[in-house]
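User: I would like to go through this protein model by question and answer, with the cut-offs spelled out.

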Amino acid sequence: MKVEHLLGNTSYIETPQAIIPVYFLTEKDVIFFDSGTEPSDELMDLLEREDLRVRAVVCTHLHPDHIANNDALVQRYGTEIFAHPMEIPALHTRQAVSYFVAPIQSDEELVIDGAKIRLLPTPGHTTGHLVCITPDGVCCLGDAMMSKSVLDRARMPYMENVDRSIISMEAVRQTDYPYYIAAHKGVANREEFQQLVDDNIQKELDLYDLLRQKIPGPVDLEELTSEFIRASGVRSEKMVVQDYVRLTAKVRIYALVHAGEYTLKKNLVVPV
Ligand SMILES: [Fe+2]
């Protein structure tokens, strides 16, 4: 594990499952954008070796696989943790954390020790998801989009609201930055990023098509959910994954109902 320079004062640390963008406020004081998928001694050793202090973690959202080192950083450096206010209540229902999360007051900008971090609200994956742009113009995508290699393996990306997520992806597409970092896991330049947006949106449209194929006539909502998950190829024994997948599968069913393609009659999904 090492600190890789990208542009200006912006670098990143590649961990086994994620990329953590790092902005250097000074030679020693850095801001993290998310803190990794799991608690990492290797990450702590790297910080020690490089004599770095993590001044703040700006969280794109508060899913467990983006905040795993927050606790250790707060204890070690008194790191400030920032997130969109809409992310915070859900965090506390999901897991017990022993640190304070400061709600970001503006949807547009967060200033830390004079460094202006631009923010782009990107609801969809979660309600309070933020894309964060370092002062050098490196765009930290969080889970607003996935890299191609992860997308190819993903069976059903987690979304709280697919249509809102697609609108958010289109909004990020309109930006023009030299680099875009997907948390899981890759750095794209401008041209590659345009393709990434297309690929992420296409993934969602393909999932809608797969879902439609599973509703030839009236079908029970719960059975449809299970069949859709099976057809998508999701394979996980983990309860927590199953819960997330079931939730995001239903989100897609309700989206088609909301779009007027189907209605819900008691527990049946019925083509219109
Ligand atoms: Fe996430």
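This is a predicted model: local features need pLDDT of at least 70, side-chain atom pairs count only at pLDDT 80 or more; totals for chains, interfaces and linings use all residues.

User: Which residues are the protein donors of the iron ion?

Analyst: Donors are N, O and S atoms within 2.8 Å of the metal (3.2 Å for Na, K and Ca); water is not among the atoms, so sites may look incomplete. The donor residues here follow the spacing H-x1-H-x61-H-x17-D in sequence. At 2.1 to 2.2 Å from the iron ion lie His61 (NE2), His63 (ND1), His125 (NE2) and Asp143 (OD).

User: Why is the arrangement of the four donor atoms around the iron ion classed as it is?

Analyst: Four donors count as tetrahedral if all angles lie between 85 and 135 degrees; four count as square planar and six as octahedral if opposite donors are over 155 degrees apart and all others between 65 and 115; anything else is irregular. The angles subtended by the four donor atoms at the iron ion run from 91 to 172°, which makes the arrangement irregular.

User: Which parts of the chain does the pair His61 and His125 tie together, and is the pair buried or exposed?

Analyst: Helices (H or I, at least four residues) and strands (E, at least two) are DSSP runs, numbered from the N terminus. His61 is in the loop between strand E5 (53-58) and helix H2 (70-77), and His125 is in the loop between strand E9 (115-121) and strand E10 (130-133), so the pair joins parts that are 64 residues apart in sequence. Buried means under 20% relative accessible area, exposed over 50%, and partly exposed in between (1.4 Å probe, protein chains only). Both His61 and His125 are buried.

User: What is the volume of the largest pocket?

Analyst: On a 1 Å grid over the protein atoms alone, a pocket is an open set of points with protein on both sides within 12 Å along at least five of seven lines, and lining residues have an atom within 4 Å of a point. Grid points are joined across faces, edges and corners, and a volume is the space filled by probe spheres set on the points. For the largest pocket the volume is about 1,200 Å³.

User: Where does the largest pocket lie, and which residues are nearest its centre?

Analyst: Domain bounds come from an automatic or database domain assignment. Domain 1 (3-205) and domain 2 (214-271) both contribute to the lining, so the largest pocket lies between them. Of its 33 lining residues, those nearest the centre are Asp65, Met156, Tyr158, His184 and Val241.

User: Which element gives the largest share of the lining of the largest pocket, and how do the residues divide by class?

Analyst: Helix H4 (148-153) and helix H8 (239-258) are the elements giving two or more residues to the lining of the largest pocket. The largest share, four residues, comes from H8. Ala, Val, Leu, Ile, Met, Phe, Trp, Tyr, Cys and Pro count as nonpolar, Asp, Glu, Lys and Arg as charged, and the others, Gly among them, as polar. The lining divides into 17 nonpolar, eight polar and eight charged residues.

User: Which element gives the most to the lining of the second largest pocket?

Analyst: The second largest pocket holds about 280 Å³ of space, and its lining has three nonpolar, three polar and five charged residues. Helix H7 (221-232) and H8 each supply at least two lining residues. With four residues, the most comes from H8.

User: Which peptide bond is cis?

Analyst: Lys185 lies in the loop between strand E12 (179-182) and strand E13 (186-189). With omega near -5°, the cis bond runs from His184 to Lys185.

User: What are the phi values of Asp51 and Asp113?

Analyst: Asp51 lies in the loop between helix H1 (41-49) and E5 and is partly exposed at 43% relative accessible area. Asp113, in the loop between strand E8 (109-112) and E9, is exposed at 53%. Neither is a glycine, yet phi is positive, near 55° for Asp51 and about 50° for Asp113.

User: How far apart in space are Leu151 and Lys203?

Analyst: Leu151 is in helix H4 and counts as buried at 4% relative accessibility. Leu151 and Lys203 are 52 residues apart in sequence, and their C-alpha to C-alpha distance is 7.8 Å.

Definitions and conventions: Residues are numbered from 1 along each chain as its sequence is written. Side-chain values use heavy atoms; hydrogens and water are left out. On a 1 Å grid over the protein atoms alone, a cavity is a set of points where a 1.4 Å probe fits but cannot get out, and a pocket is an open set with protein on both sides within 12 Å along at least five of seven lines; lining residues have an atom within 4 Å of a point.
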